[in-house]
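Please look over the sequence and the fold below. The paragraphs that follow walk through them step by step.

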Amino acid sequence: MYKLKYILLLLCCACYTVKAGIKHPLHVSTTEINFNAKDKSLEVSCRIFSDDFEAILAKLYKQKIDLSNADMKTEMDGLVKKYLLSHLQLKANGKAAVLNYIGFEIDHEATNIYLEVEKIPAIRSVEVNDTILYDMFDDQMSIVHVVKGSMRKSTKILYPEKKFTANF
């Protein structure tokens, strides 16, 4: 019972620090890659804490960053695309895949980014090279999920590691 109270207190403190704008202690991003057999494509979504993401964009591109400002949406789209395409690469069936940037949206404290790889008739393997926020934190963790139908392959990539291969 004591452990449960301690865990609940820790979670409450973590939620409070995020809401209060205090730096959160966990540096994590998630990337999910779904094979869409009907459309013959890989649908990619990344989820990153918005405060961390805005900080790295400001650091790298030396300009004001506000992902939630509708007036800056076009400009922010360009920077998000530039960053993601340089920090996330995929290989499908051993061949480099071209990621097409779809867009991003803010969801509470996180930014969701959407990409797509077209013209993938079948999938035997997906290699992910993920360095999202590695240029900001040396304790960055990337959680990667690759989904094909009912099969799901997942891993946790810890800095400085950056690759994961899912075979089907």
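Pro160 sits in the loop between β9 (151-158) and β10 (163-167). In this predicted model, the peptide bond leading from Tyr159 into Pro160 is cis. Its omega is near 10°. Most peptide bonds are trans, and most residues other than glycine have a negative phi.

Two further loops carry backbone angles worth a look. His108 is placed in the loop between β5 and β6. Its phi is positive, near 60°, and the residue is not a glycine. His108 has 69% relative accessibility, so it counts as exposed. Leu133 belongs to the loop between β7 and β8 (141-148). Leu133 too is not a glycine, and its phi is positive at about 65°. Is Leu133 buried or exposed? It is buried, because its relative accessible area is 0%, and the cut-off for buried is under 20%.

Now step back to the whole chain. The protein has 3 helices and 10 strands. Along the sequence they run α-β-β-α-α-β-β-β-β-β-β-β-β. The protein has 168 residues, and 39% of them count as buried. Take the contacts with a separation of 6 or more: 58% of these join residues 24 or more positions apart. The protein exposes about 9,900 Å², with 58% of that supplied by carbon and sulfur atoms.

How far does the predictor trust this picture? The mean pLDDT is 89, and 86% of the residues reach 70 or more. Residues 1-20 have a pLDDT below 50, and beyond near neighbours in sequence this stretch has 5 contacts in the model.

Next, the helices. Helix α3 covers residues 73-87, 15 residues in total. From its first C-alpha to its last it reaches 21 Å, close to the 21 Å expected at 1.5 Å a residue. Which residues of α3 are buried? They are Met76, Leu79, Val80, Tyr83, Leu84 and His87. Seen down the axis of α3, these buried residues fall within an arc of 125°, so they line one face of the helix. Thr74 and Lys82 are exposed on the other side. The buried residues of α3 pack against several elements, including α2 (50-61), β2 (41-49) and β3 (88-92). Strands β5 (100-107), β6 (110-117) and β7 (125-130) are also among their packing partners.

Helix α2 has 12 residues. At 1.5 Å a residue they should span 16 Å, and the end C-alpha atoms are 16 Å apart, which agrees. Its buried residues are Ser50, Asp52, Phe53, Ile56, Leu57 and Tyr61. Viewed down the axis of α2, they fall within an arc of 165°, so they too line one face of their helix. The cover over them includes β2, α3, β5 and β6.

In soluble globular proteins, nonpolar side chains tend to be buried together. Here the largest nonpolar core has 41 residues. Phe53, Tyr83, Leu84, Ile113 and Leu115 touch the most other members. Helix α3 gives the largest share of this core, 5 residues. Follow Leu84 to see how the parts meet. Not counting residues up to four places away in sequence, Leu84 touches Cys46, Ile48, Phe53, Ile113, Leu115 and Ile132.

Gly103 lies in strand β5. It has 11% relative accessibility, so it counts as buried. Which residues does Gly103 contact, leaving aside its neighbours within four places in sequence? They are Asp77, Asn112, Ile113 and Tyr114. Gly103 and Lys73 are 30 residues apart along the chain, and their C-alpha atoms are separated by 9.8 Å.

Ser41 lies in strand β2. It is buried, with a relative accessible area of 1%. Leaving aside neighbours within four places in sequence, Ser41 is in contact with Asn34, Phe35 and Asn36, among others. Further along the chain, its contacts include Glu116, Val117, Glu118 and Ile120.

Methods: Residues are numbered from 1 along each chain as its sequence is written. This is a predicted model: local features need pLDDT of at least 70, side-chain atom pairs count only at pLDDT 80 or more; totals for chains, interfaces and linings use all residues. Side-chain values use heavy atoms; hydrogens and water are left out. pLDDT is the predictor's confidence in each residue, from 0 to 100. Contact means heavy atoms within 4.5 Å. Helices (H or I, at least four residues) and strands (E, at least two) are DSSP runs, numbered from the N terminus. The expected span of a helix is 1.5 Å times one less than its number of residues. Buried means under 20% relative accessible area, exposed over 50%, partly exposed in between (1.4 Å probe, protein chains only). The arc is that of the directions from the helix axis to the C-beta atoms. Accessible areas come from the Shrake-Rupley method with a 1.4 Å probe; for residues, only the protein chains shown count as cover. A nonpolar core is a set of buried Ala, Val, Leu, Ile, Met, Phe, Trp, Tyr and Cys residues joined through side-chain atoms within 4.5 Å.
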